[in-house]
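Please read it alongside the sequence and the coordinates.

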Amino acid sequence: MQRPALIIIAVVLVITACNVAQDATAPQRPMPGEPALDFMMEDCQLSESECMRLFSGIEYLQGHANQSCMDVGNSARYRFDAPSGVAGYARGDNQNTATGMYVGMVPSSTTYSGYQHYNEYTYVNDIMLHGGFSQAQIGSSIAHEEIHHTGMDGPGHNTQVADAYYTACMNPQA
Amino acid sequence: MTINKHRSLWYALLGSCCLTLVDSVPAQQDRLPPAVVGQMVDELLSRVVPPNESLSRVSVGRRKIIFDGERTIAAFGYPAGSISFTDLGLKSAVTQSSRAVLENCDFWGRHQCTRLGWRVYVWIEPVTVTKANAFVRVHIIWADRDASSFKEGVPPTGRAVLLEMVKQVELARSGMGRWNYVKEGPTLVS
């Protein structure tokens with residue numbers, strides 16, 4: 001066989017081998033939004049000062065005159081103090097949102113809203129932590145997210161219940 | 001003579017393999033053409049922001065979608081002004097918008113959010129894009145207006161709480177080059 005033909009055959013074989021190797025299925029990557037594993041054994045996966053800002057909001061709720069706000073504050077306190085990896089507060093990896101905090105939700109056939117939380121984490125964006133918000137605003141925002149965790153919102157994305165908690169908890173004497 | 005011929009063969013093999021590997025590197029740095037971004041946007045809008053989806057008791061169909069093409073185009077790597085909204089070639093029934101409509105809105109209900117009104121503001125950002133798969137985030141933003149009733153053509157008044165859902169979507173590219181919806185991850189809800 002002529003040498004040019006041999007070279008061409010060899011090149012084709014190499015190209016084929018390289019493409020097969022490259023097309024091998026890559027490992028399935030997790031969807032964005034899944035919390036990173038907490039190797040630091042801290043329940044609040046933010047800086048110390050940021051965690052204290054969140055904690056001040058939780059304390060505000062726990063000391064509220066409105067029993068519902070107090071109850072949701074206790075729920076938030078559990079989340080804050082929960083063992084690592086079970087529940088907590090983490091920094092949002094999606095800082096492009098227009099809002100301060102969020103919860104990951106997935107469809108559910110058992111909750112009134114048709115959604116349930118994906119995990120026990122509330123994700124907090126930098127704007128919430130460094131936007132100059134008051135203890136009442138932070139606490140009321142935390143209360144709003146706690147309602148998402150319970151699945152108590154209205155059908156579809158009706159956040160009326162969560163909004164009602166925010167409004168009620170903003171007034172410490174209500 | 002024999003050594004030179006073998007050397008030529010090895011150089012040919014080495015060069016071919018290198019060229020092939022370069023061509024096979026996931027194209028994370030390559031921008032998708034505007035029309036392809038537009039096709040992706042149409043697919044996402046139809047699958048994850050359908051007209052019958054209810055947002056705080058009012059459907060997307062009644063609210064109407066305003067789409068921030070400029071913000072989306074920038075997220076897909078195009079410098080400002082390099083391509084226009086019409087270059088996307090969208091087939092979806094959306095109106096062009098910008099983030100300026102959110103200027104008097106916030107999550108804490110401190111403003112009336114008059115520019116956004118009842119409408120749904122949507123923009124899309126890629127998280128990762130390869131030749132075969134894409135992970136994107138679809139930002140869906142609207143104002144919850146407590147007990148105010150929706151009336152067609154009547155601007156809302158009163159307190160407005162800005163809410164957002166971020167739908168995380170995986171797309172796959174078909175053999176014909178079309179991007180198709182595969183599945184969604186957790187929706188991030190404010």
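1. Contact here means heavy atoms within 4.5 Å. The model under discussion is a predicted one.

2. In chain B, the buried residues of helix α2(B) pack against β3 (65-67), α4 (69-75), β5 (120-129), β6 (133-144), β7 (161-173) and β8 (179-184) of chain B. Those buried residues are P34(B), V37(B), G38(B), Q39(B), M40(B), V41(B), D42(B), E43(B), L44(B), L45(B) and V48(B). Since 11 of its 15 residues are buried, α2(B) is largely enclosed by the rest of the structure.

3. The length of α2(B) (residues 34-48) agrees with expectation: at 1.5 Å a residue, its 15 residues should span 21 Å, and its end C-alpha atoms are 21 Å apart.

4. In chain A, the axes of helix α2 (residues 48-62) and helix α5 (residues 135-150) come within 8 Å and cross at roughly 80 degrees. This angle makes α2(A) roughly perpendicular to α5(A). From α2(A), the contact involves R53(A), L54(A), S56(A), G57(A), I58(A), Y60(A) and L61(A); α5(A) contributes Q135(A), A136(A), I138(A), G139(A), S140(A), I142(A) and A143(A). By class, the residues of this contact comprise 8 nonpolar, 5 polar and 1 charged.

5. M128(A) lies in helix α4 (residues 126-130) of chain A. Is this residue buried or exposed? With 0% relative accessibility, M128(A) counts as buried. Leaving aside residues up to four places away in sequence, M128(A) touches G100(A), M101(A), F133(A), Q137(A), I138(A), S141(A) and W108(B). M128(A) and T99(A) are 29 residues apart in sequence, with a C-alpha to C-alpha separation of 7.9 Å.

Technical notes
Residues numbered from 1 in each chain as written. Chains lettered and ligands numbered in written order. Predicted model: local features only at pLDDT ≥ 70, side-chain atom pairs only at ≥ 80, totals over all residues. Heavy atoms only, no water. Axes fitted to C-alpha atoms, helices over the stretch in contact; angles between N-to-C directions. Helix = DSSP H or I, 4+ residues; strand = E, 2+ residues; numbered from the N terminus. Parallel < 35°, antiparallel > 145°, perpendicular 65-115°, else oblique. Nonpolar A, V, L, I, M, F, W, Y, C, P; charged D, E, K, R; others polar. Expected span 1.5 Å × (residues − 1). Buried < 20%, exposed > 50% of the residue type's maximum accessible area, 1.4 Å probe, protein only.
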